[in-house]
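Here's a quick tour of the chain on display.

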Amino acid sequence: MPHPMLELYGVHRSRATRNVWLALEAGIDLQIVPVELAGRVADPLAADAPLNTKSPAFLAINPMGGVPVLKDGDLVVSQSLAINLHLARAYGGDLGPRDLTEAAQIDQWTLFAATDVEAHTLRIQTLVGKGATDDALAEAAEKYARPLTALEGYLADHSYLVGDRFTVADINLCEILRYATAMKGAYAPYPATQAYLARQQARPAFKQMWALREAEGRAAAGH
Ligand SMILES: N[C@@H](CCC(=O)N[C@@H](CS)C(=O)NCC(=O)O)C(=O)O
């Protein structure tokens, strides 16, 4: 679908993955403007530092100092999930809502992901990264059980979250569920959720997004 020039400030190794996945699903041409995470830059405020999340020029665009940020003409949108909702509605065809009912359902699942799931999955990912004990991981998994049990019940008889088709709601939730896969067997007690996530991650656009992310990681590591 023809659309105006869309610029996404960020890097593939960030929450921009969810926007890149959606863009690849919808055939949206998203130009990446590289903005590195400050924590990955030796001296983020040095004169020769690459544009990063602490650069004054980037803070002028997003005072929160977080990527991604979308520029769509004069419209500047931060918050990765809001960016996806906008892209889906404006340029995503059936990835977006067909009516107000679907719009409410997409919002519901997106906010479920942001407010009921993300803190748990990020915590689990961080604990795994720090080499936490099995006990600490089990405790984090236990705290994650409530939203997962609710989701498992829904997915037991739904293939997708909204409208019996793949939508932006699935991208928004799956990218947030993904963090907890750092913990081996995190979704094993939730077979419908595990199978749902595996199905979405088998989509060509997800794999393309992941390849871009890995290529960026290799380039950053200097090989
Ligand atoms: N809720 C925001 C979070 C944005 C955010 O914190 N992004 C991280 C990268 S995923 C970041 O830019 N961190 C700043 C930094 O590390 O300097 C969103 O979903 O866009």
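## Overall fold

The chain has nine helices and four strands, taking helices as DSSP runs of H or I with at least four residues and strands as E runs with at least two, numbered from the N terminus. Read from the N terminus, the order is β-α-β-α-β-β-α-α-α-α-α-α-α. The radius of gyration is 18 Å, close to the 17 Å that the globule rule gives for 223 residues, so the chain is as compact as a globular protein of that length. That radius is taken over C-alpha atoms, and the rule is 2.2 Å times the number of residues to the power 0.38. The C-alpha trace spans about 50 × 45 × 30 Å along its principal axes.

A word on the ground rules: this is a predicted model, where local features need pLDDT of at least 70, side-chain atom pairs count only at pLDDT 80 or more, and totals for chains, interfaces and linings use all residues. Residues are numbered from 1 along each chain as its sequence is written, and side-chain values use heavy atoms, with hydrogens and water left out.

## Burial and contacts

Of the 223 residues, 44% count as buried; buried means under 20% relative accessible area, exposed over 50%, and partly exposed in between (1.4 Å probe, protein chains only). Take the contacts (heavy atoms within 4.5 Å) with a separation of 6 or more: residues 24 or more positions apart account for 64% of them.

## The annotated domain

UniProt, in an unreviewed entry, places "domain: GST C-terminal" at residues 99-219. UniProt positions follow the numbering used here, feature names are shortened, and annotations may be inferred rather than shown by experiment. The span is 73% helix and 0% strand, and its end C-alpha atoms lie 43 Å apart.

## Helix H7 under cover

How many of the ten residues of helix H7 are buried? Ten of ten: H7 (residues 168-177) is mostly covered. Among the buried residues are Asp170, Asn172 and Glu175, along with Val168, Ile171 and Leu173. The cover over the buried residues of H7 includes helices H1 (16-26), H3 (80-91), H4 (100-129), H6 (145-155), H8 (191-201) and H9 (204-220).

## Threonine 110

Threonine 110 sits in helix H4 and is buried, with a relative accessible area of 4%. Leaving out residues up to four places away in sequence, threonine 110 touches Leu81, Leu85, Ala169 and Asn172. Threonine 110 and asparagine 172 are 62 residues apart in sequence, yet 5.9 Å apart in space, C-alpha to C-alpha.
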